[in-house]
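Subject: Structure handover

Hi,

Here is the structure for you to look through.

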Amino acid sequence: MNQPLLAVRDLTMRFGGLVAVDRVSFDVAGGAITAVIGPNGAGKTTLFNCLTGFYRPSAGSMTLVADGHRYALERMQGHRINAQARVARTFQNIRLFAGMTVLENLMIAQHGRLMRASGYTFLGLIGWPGYRRAEADAVERARYWLGRMNLEDRADDLAGQLPYGAQRRLEIARALCTQPALLCLDEPAAGLNPRESAELNELLLFIRREHGVGILLIEHDMSVVMGISDHIVVLDYGRKIADGTPAEVRADPAVIRAYLGEDEEQGAA
Amino acid sequence: MSPLHAVRDAAIAAFVALAVALPIVGVRTVDTGAVLGVDFRLDWVAAIVATVFLGRLCVLLWMGRRERAPRQAGMLETTALGWLALIGRFLAYGIMGFALILPMMSFADRYVVDTATQVLIYVMLGWGLNVVVGLAGLLDLGYVAFYAVGAYSYALLAQNFGLNFWQCLPLAGLFAAFFGILLGFPVLRLRGDYLAIVTLGFGEMIRIILNNWASFTGGPNGLTSIPRPSFFGLEFSRSAPEGEQTFHQFFGLEYSTLHRLVFMYYLILILAFLTSWAVGRMRKLPVGRAWEALREDEIACQSLGINRTMTKLTAFAIGASFGGFAGSFFATRQGFISPESFTFIESATILAIVVLGGMGSQVGVVLAATVLVLLPEVFRDLAHYRMMVFGLAMVLIMIWRPKGFIGARVPSIRLADFRRPAA
């Protein structure tokens with residue numbers, strides 16, 4: 001791994017006196033699956049919010065290399081992180097456009113491209129043929145991911161009416177429709193049953209294999225994390241306590257301590 | 001709700017009505033010569049209490065029936081939605097056709113054409129506000145400000161620079177759009193109630209400025225003798241200046257004041273059609289989908305690379321520009337404008353049209369505008385009771401159709417319409 005897709009260096013996020021993320025550094029390789037794990041409140045979602053522009057970090061850098069450009073994510077406006085640096089994300093508590101159809105959700109994800117094709121609305125208004133082609137392409141891309149997610153027959157239903165597991169899949173499809181270089185998934189397996197969870201594993205492996213998208217995921221479900229991750233970063237109280245392959249992380253005494261708390265128990269006794 | 005509960009609930013409502021009506025309606029002082037006597041009108045009170053009891057009972061029973069058999073709007077099957085879209089389209093064409101031939105009907109006298117013009121102004125305003133409220137989900141209580149900006153832009157440009165209606169129309173739209181952006185910037189971070197309060201204040205500010213800046217806007221006296229539009233250079237007057245022709249001379253018609261009214265009617269009809277076409281089109285373009293997405297979830301929008309600032313500002317600007325067009329039309333139709341015409345009640349009426357019509361629905365706006373303009377006209381004979389009937393009608397509509405006349409949303413795109421390309 002010579003040039004990582006994303007290099008996070010000394011990332012720090014403070015909320016008043018609380019240090020939610022404390023000098024965290026790690027790399028995410030392109031075309032690989034990197035998992036961020038840690039007990040509740042370890043700062044995983046805060047880390048994601050920094051990466052995707054919802055928080056402005058207090059210190060540190062996040063450098064993403066996509067299409068030969070280097071993007072300093074910590075200095076970019078929120079929407080540019082997706083539109084230019086091609087970082088897409090999903091949310092822990094699903095955020096679909098519930099009152100719109102499944103297909104519309106996926107069309108909105110292709111906003112930037114369609115907006116340019118519609119000549120910022122002016123050409124689209126007069127029915128410019130270039131826009132119609134772009135729209136048809138966008139529908140094809142949506143159809144592709146709907147097929148992958150097993151949602152094609154629900155394309156014209158309202159997103160809010162899908163069952164929970166399908167909503168999770170749709171949110172991933174929507175993120176993928178932005179054609180990301182880095183896909184950040186915040187607990188994609190939460191609330192899924194074991195079968196759905198296994199399907200999710202398959203899906204993530206497929207995305208990595210066929211589309212070369214780098215995946216960064218927060219997950220509590222260890223069967224997902226250990227089964228498919230190439231690399232694991234462990235956070236506890238905002239600090240990185242371990243970083244390595246699944247086998248390394250599993251054997252790391254600091255990780256075991258953080259998850260089982262044995263050291264503190266002994267100390268208290 | 002069981003019938004027993006309904007009866008009990010209705011009885012409570014009747015008791016409240018009794019408590020209110022007894023002192024207010026039940027007792028009347030009468031002047032009997034020397035002393036002030038008291039007259040009881042218990043029959044009136046009885047009538048009021050009975051009406052409230054029965055009315056409440058009917059509403060409860062009727063709503064209870066709905067609860068048992070929930071008709072979930074939006075839960076419609078795809079096929080049903082397809083049917084709905086088809087009916088909506090037929091309805092839309094029917095209304096369009098009727099609007100086109102209306103002035104040629106035998107019953108179309110001055111009053112009818114004038115009222116129809118009034119309806120169309122509100123339709124246009126409703127469609128404009130629909131962009132902001134219905135699509136982008138930004139509750140705007142000061143929409144009348146843009147209407148005022150459009151009207152004053154036209155009047156002032158025409159009087160100070162001698163520009164004609166057709167030159168002023170786009171300028172008025174631009175001015176209004178500019179004011180839309182001006183309002184948009186400070187409220188970018190606000191939503192819901194907070195946004196509503198700021199926009200309400202903005203609307204009042206514009207009106208108060210117009211009222212007080214007398215040297216520029218004429219203050220409360222308003223602006224008079226605003227030029228009327230011409231039909232390709234032909235004036236609608238009895239006699240033309242030297243060397244020019246009037247409309248009736250050119251076409252060899254008997255002079256009639258109805259000509260101008262009918263012309264005005266078609267003018268607003270064209271403007272309204274243009275608005276409808278543009279808004280309908282934009283809804284299916286990325287910009288329109290982004291508006292709706294913004295209404296649904298702003299955070300998700302940002303994560304998908306949508307610039308929230310730009311999207312909101314375009315919604316404000318485009319909504320405002322339609323208000324501006326309607327405003328210049330209003331100015332040229334009246335020939336006289338003053339801040340009196342742009343009070344909060346106008347904003348409220350336009351918002352009511354959007355809400356009653358069903359958020360985001362274009363046909364709904366037409367239906368609601370028609371109802372809201374015609375109701376006070378129809379009940380003109382009731383004199384000061386007509387606003388009460390108006391209010392009652394609005395309450396009934398909201399009970400009957402909580403999501404507005406046309407509450408179901410038609411998707412902007414359907415996979416079924418895109419065939420898989422032949423492999």
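Below is what was found, starting with how to read the numbering.

Residues are numbered from 1 along each chain as its sequence is written, while chains are lettered from A and ligands numbered from 1 in the order in which they are written. This is a predicted model: local features need pLDDT of at least 70, side-chain atom pairs count only at pLDDT 80 or more, and totals for chains, interfaces and linings use all residues.

**Chain A: strands**

Strand 1 (residues 6-15) and strand 2 (residues 18-28) of chain A run antiparallel, joined by seven bridges. Strands and helices here are DSSP runs numbered from the N terminus (E, at least two residues, for strands; H or I, at least four, for helices). Leu11(A) has Val24(A) of strand 2 as its bridge partner. The two strands form a hairpin with two residues between them. Gly16(A), in the turn, has a positive phi of about 60°.

Chain A also has an open sheet of six strands, in the order 6-7-8-3-9-10, with mixed pairing. Strands pair if DSSP finds at least two bridges between them. Strand 6 (87-89) and strand 10 (239-244) of chain A are the edges, each pairing on one side only. Neighbouring strands of this sheet are turned by 20° on average, direction ignored. Strand 9 (residues 231-236) of chain A runs antiparallel to strand 10, with five bridges. Leu235(A) has Lys240(A) as its bridge partner there.

**Chain B: domains and a helix pair**

Chain B is divided into domain 1 (3-68) and domain 2 (78-410). The bounds come from an automatic or database domain assignment. The C-alpha centres of the two domains lie 40 Å apart.

Look at helix 4 (residues 110-135) and helix 13 (residues 308-334) of chain B: their axes come within 8 Å and cross at roughly 165°. Axes are lines fitted to C-alpha atoms over the stretch in contact, with angles from 0 to 180 degrees between N-to-C directions. Helix 4 and helix 13 of chain B are therefore roughly antiparallel (over 145 degrees). By class, their contact has 15 nonpolar, four polar and one charged residues.

**Where the chains meet**

33 residues of chain A are in contact with 31 residues of chain B. Contact means C-beta atoms, placed from the backbone, within 7 Å. On the chain A side, the elements giving two or more residues are helix 2 (78-83), helix 3 (102-108), helix 4 (111-117), helix 5 (122-125) and helix 6 (129-148). That side divides into 15 nonpolar, 12 polar and six charged residues. Ala, Val, Leu, Ile, Met, Phe, Trp, Tyr, Cys and Pro count as nonpolar, Asp, Glu, Lys and Arg as charged, and the others, Gly among them, as polar.

Best wishes

Notes:
Parallel < 35°, antiparallel > 145°, perpendicular 65-115°, else oblique. Contact = placed C-beta atoms within 7 Å.
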